[in-house]
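Thanks for coming. I will go through one structure, starting at the surface and then turning to the charged pairs.

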Amino acid sequence: MNSIEEKLWNYIDGTASPEEQHAISLLIEQDEAYRKKYRELLALNAEFTAIELDEPPMAFTYNVMEAIRNEHAQAPLKARVNLNIIKGIGLFFVLTISAILIFALASVNWSASADTATQVKFTMPNMSHYLTSPLMQGFWFLDIVLALYTFDTYLRKKSNTKMDTSVHSGGQN
Amino acid sequence: MQSKLSDIELIEQTLAGDQSAYADLVKRHQRFVFTLAMRFAKSREDAEEIAQDCFIKAYKSLDSFQRQAKFSTWLYTIVYTTAMTTLRKKRVATDSIDDEDTFVQIENKPSGYEDNAENKSRTFYVDQAINQLLPDDATIITLFYKGEQSLEEIAQTMGIEANTVKVKLFRARQRLKEKLERNLKHEVNELI
């Protein structure tokens, strides 16, 4: 059973059912104790509504945006790479492959007889002088850098997921 | 001057890369977020840190905001979670946040108030009484009266049932009333 005060707060907040609202309004009209309490709570409600909000420091918005800009600057390179650069690299490879294909097709002797056409000879370029020691060292260095970058990305993703989970779990509760 | 665009429009602009739109969102909600943070913090500096942290978290997770709820409800959820976590971290070795006797909050005087009893308005005493409440009680009162939040939205923010919020709100109002009466009585005694 609700107390008078609880009933009246529900009436003031509008959280009671229509039937309850009607019954309480009748009680306020007819019962002096209800009427007195209702006036008291109504005055309190007005006072609570007049609570003042605190004023943050003047530079608050600036500080927030500055912190966001700093965080943004620390974002991994992957997040800041322009999409046009990736498209440009893709275009470069497509053009190179097309050029090689065109050159290869252009160099084929189409007028040769059927017998000779089956005996196409490919001359492989000699790669041994490219695989020198400094080149291999460079290759290994690049591999290590890529491995470290991948590990860094993994750790960042793990830390971001952890933070997002804490934010979202708060949102869903 | 604040933007006339809605929260959702500002969010869309922010997600499209316009940081000034997010600055407008911060300006719009900063007073309430800061006030909520003050309900948990022991100083204005701590409250500022909490509020700033909340806006940064909200910015980072903005793309995950589903527009089924109000932006303010989503933001207040972040504030509540962040403030509770901060409070727990700071008090873990000392005392309990559920113990009213150990919760000593700063006296948060709005600017323009003077200590002269004659100049103190009724609003001052209400603010003073709110600052003496436990964080949960003060948060419910603030969300209900100043945050334009329904019982369901407060429930979502605090991670409890709407019926529990109703009961907690009733109790918080009773405690606030008691504190207010006690403070006024004390003030009258001092004047006599």
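**Surface patch and salt bridges**

Ile85(A), Ile89(A), Phe92(A), Phe93(A), Ile97(A) and Leu101(A) make a nonpolar surface patch of about 630 Å². Patches take residues with over 30% relative accessible area and no salt bridge, joining like charges within 9 Å and nonpolar side chains (Val, Leu, Ile, Met, Phe, Trp, Tyr) within 5 Å. Areas are Shrake-Rupley values with a 1.4 Å probe, and for residues only the protein chains shown count as cover.

This is a predicted model: local features need pLDDT of at least 70, side-chain atom pairs count only at pLDDT 80 or more, and totals for chains, interfaces and linings use all residues. Residues are numbered from 1 along each chain as its sequence is written, chains are lettered from A and ligands numbered from 1 in the order written, and side-chain values use heavy atoms, without hydrogens and water.

Phe92(A) sits in helix H6 (residues 83-106) of chain A; helices are DSSP runs of H or I, at least four residues, numbered from the N terminus. Phe92(A) is exposed at 53% relative accessible area (exposed is over 50%, buried under 20%, partly exposed in between).

Now the salt bridges, meaning a Lys or Arg side-chain nitrogen within 4 Å of an Asp or Glu carboxyl oxygen. Which residue does Lys177(B) meet in a salt bridge? Its partner is Glu5(A), at 3.9 Å, N to O. Lys177(B) lies in helix H8 of chain B and Glu5(A) in helix H1 of chain A, so the pair joins two chains. Lys177(B) is buried at 13%, and Glu5(A) is buried at 13%.

Methods
Buried means under 20% relative accessible area, exposed over 50%, partly exposed in between (1.4 Å probe, protein chains only).
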